[in-house]
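Subject: A structure for you to look at

Hi there,

Here is the structure I promised to pass on. Please open it next to this email and follow along as you read.

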Amino acid sequence: MQLGEGSGAVGIMGGSFDPIHMGHLVTAEQARADIGLDEVVFVPAGAQPQKAHSTPAELRYLMTVLATAANPAFSVSRLEIDREGPTYTIDTLRSMRRERPNVRLFFITGADAILDILTWKNAQECLELAEFVAATRPGYDLRRLESEGLRRHVRILDVPALAISSSDVRERFEQQQPVRYLIPLEVEQFARKYRLYRNGPGQA
Ligand code: ATP
Ligand code: MG
């Protein structure tokens with residue numbers, strides 16, 4: 001079901017975006033079309049010291065801007081990257097809700113991330129602040145939503161299957177395998193220019 005025009009529905013798409021890839025973009029665009037969102041805001045995560053590999057937040061932010069610039073419904077938020085310390089979904093939802101008190105907020109995740117978020121503390125408040133959308137993703141089974149008793153809180157979004165992950169893209173850079181058509185050309189060029197995903201010296 002689509003919402004009516006001008007109903008004020010905003011999608012929020014969080015992630016590391018290290019780097020942003022076609023799976024993220026296809027998911028956001030499908031959510032925009034299916035739900036009838038006016039806007040999708042991408043929210044790159046702040047510094048993640050717990051992740052073994054983490055590209056500086058500012059560079060992940062810039063790649064996200066490059067990848068989304070041509071879509072008039074897409075924008076990128078600095079909310080998490082400008083914040084000190086780790087940010088949780090609940091913090092982001094509270095801020096978004098403060099900034100936009102009257103819109104319907106939809107939090108969009110892939111099939112893997114939905115369970116991480118909704119089995120954490122503050123899950124109940126998260127569910128009150130936004131409607132949750134879980135996109136199908138190859139390799140991840142949404143049936144676990146049922147066993148966790150979460151199915152009725154989550155809208156499932158059928159997305160053309162793209163078995164792409166940022167980890168795989170990083171590995172491809174390191175192993176000099178092609179990344180073209182998996183990530184936007186601008187992102188590929190940016191990553192090469194700043195030598196983001198190279199193992200060491202001497203790689204292309
Ligand atoms: P990594 O391999 O580093 O974990 P990732 O590809 O999972 O990267 P994230 O930045 O972790 O990308 O994901 C951001 C959001 O996008 C998450 O909700 C994730 O589930 C979703 N997502 C990522 N890739 C896909 C995909 N191919 N199809 C559908 N959803 C996806
Ligand atoms: Mg991930």
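Let's begin with a residue you can find quickly: glutamine 176 is partly exposed, with a relative accessible area of 48%. Please keep in mind throughout that this is a predicted model. Glutamine 176 sits in the loop between α7 (166-174) and α8 (185-193). Its phi is near 55 degrees, a positive value in a residue other than glycine. Why point that out? Most residues other than glycine have a negative phi, and most peptide bonds are trans.

You will find asparagine 122 in the loop between α4 and α5, where it is partly exposed at a relative accessible area of 29%. The other place is the peptide bond from aspartate 18 to proline 19, which is cis, with omega near 0 degrees. Proline 19 belongs to the loop between β1 (9-15) and α1 (22-36).

Now to the strands. How many of the seven residues of β4 are buried? Six of them are, so β4 is mostly covered. On one hand, β4 pairs with β1 in the parallel sense over five bridges; on the other, five bridges join β4 to β5, and these two strands also run parallel. You can trace the pairing through isoleucine 108: in β4 it is the bridge partner of methionine 13, and its own bridge partner in β5 is valine 133.

Staying in strand β4, have a look at threonine 109. It is buried, with a relative accessible area of 5%. Its side chain reaches the backbone nitrogen of isoleucine 114 at 3.5 Å. Leaving aside residues up to four places away in sequence, threonine 109 touches Ile114, Ile117, Val133, Ala134 and Ala135.

Two of those contacts lead us into helix α4, so to speak. Which residues of α4 (residues 111-118) are buried? They are Ala111, Ile114, Leu115, Ile117 and Leu118. Looking down the axis of α4, you would see these buried residues fall within an arc of 165 degrees, so they line one face of the helix. Here is the background: an α-helix has 3.6 residues a turn, so residues three or four places apart point the same way. The buried residues of α4 pack against several elements: the helices α3 (89-99), α5 (123-129) and α6 (144-147), and the strands β4 (104-110), β5 (131-135) and β6 (154-157).

- Threonine 64 is found in helix α2 (residues 57-68) and is buried, with a relative accessible area of 0%. Its side chain reaches the backbone oxygen of arginine 60 at 2.7 Å. Not counting residues up to four places away in sequence, threonine 64 touches Phe17, Ile20, Phe42, Pro44 and Val76.
- Arginine 97 is found in helix α3 and is partly exposed, with a relative accessible area of 21%. A polar atom of its side chain lies 3.2 Å from the backbone oxygen of leucine 129. With residues up to four places away in sequence left out, arginine 97 touches Asn102, Val103, Leu105 and Leu129. The C-alpha atoms of arginine 97 and alanine 57, 40 residues apart along the chain, are separated by 23 Å.

Finally, please turn to ligand 1. Which of the 21 residues around ligand 1 come nearest? They are Gly110, Asp112, Leu162, Ser166 and Ser167. A polar side-chain atom of histidine 21 lies 2.9 Å from an oxygen atom of ligand 1. An N or O atom in the side chain of histidine 24 is likewise 2.9 Å from an oxygen atom of the ligand. For isoleucine 164, a backbone N or O atom lies 3.1 Å from a nitrogen atom of ligand 1. Taken on its own, ligand 1 has 600 Å² of accessible area, and the protein covers 89% of that.

Enjoy exploring, and write back with any questions.

Best wishes

Key: Residues are numbered from 1 along each chain as its sequence is written. Chains are lettered from A and ligands numbered from 1 in the order in which they are written. This is a predicted model: local features need pLDDT of at least 70, side-chain atom pairs count only at pLDDT 80 or more; totals for chains, interfaces and linings use all residues. Side-chain values use heavy atoms; hydrogens and water are left out. Buried means under 20% relative accessible area, exposed over 50%, partly exposed in between (1.4 Å probe, protein chains only). Helices (H or I, at least four residues) and strands (E, at least two) are DSSP runs, numbered from the N terminus. The arc is that of the directions from the helix axis to the C-beta atoms. Contact means heavy atoms within 4.5 Å. A residue is near a molecule or strand if one of its heavy atoms lies within 4 Å of it. A polar contact is a pair of N or O atoms within 3.5 Å; within protein, one must be able to donate a hydrogen and the other to accept it, and residues adjacent in sequence count only if both atoms are side-chain atoms. Accessible areas come from the Shrake-Rupley method with a 1.4 Å probe; for residues, only the protein chains shown count as cover. Two strands pair if DSSP finds at least two bridges between them.
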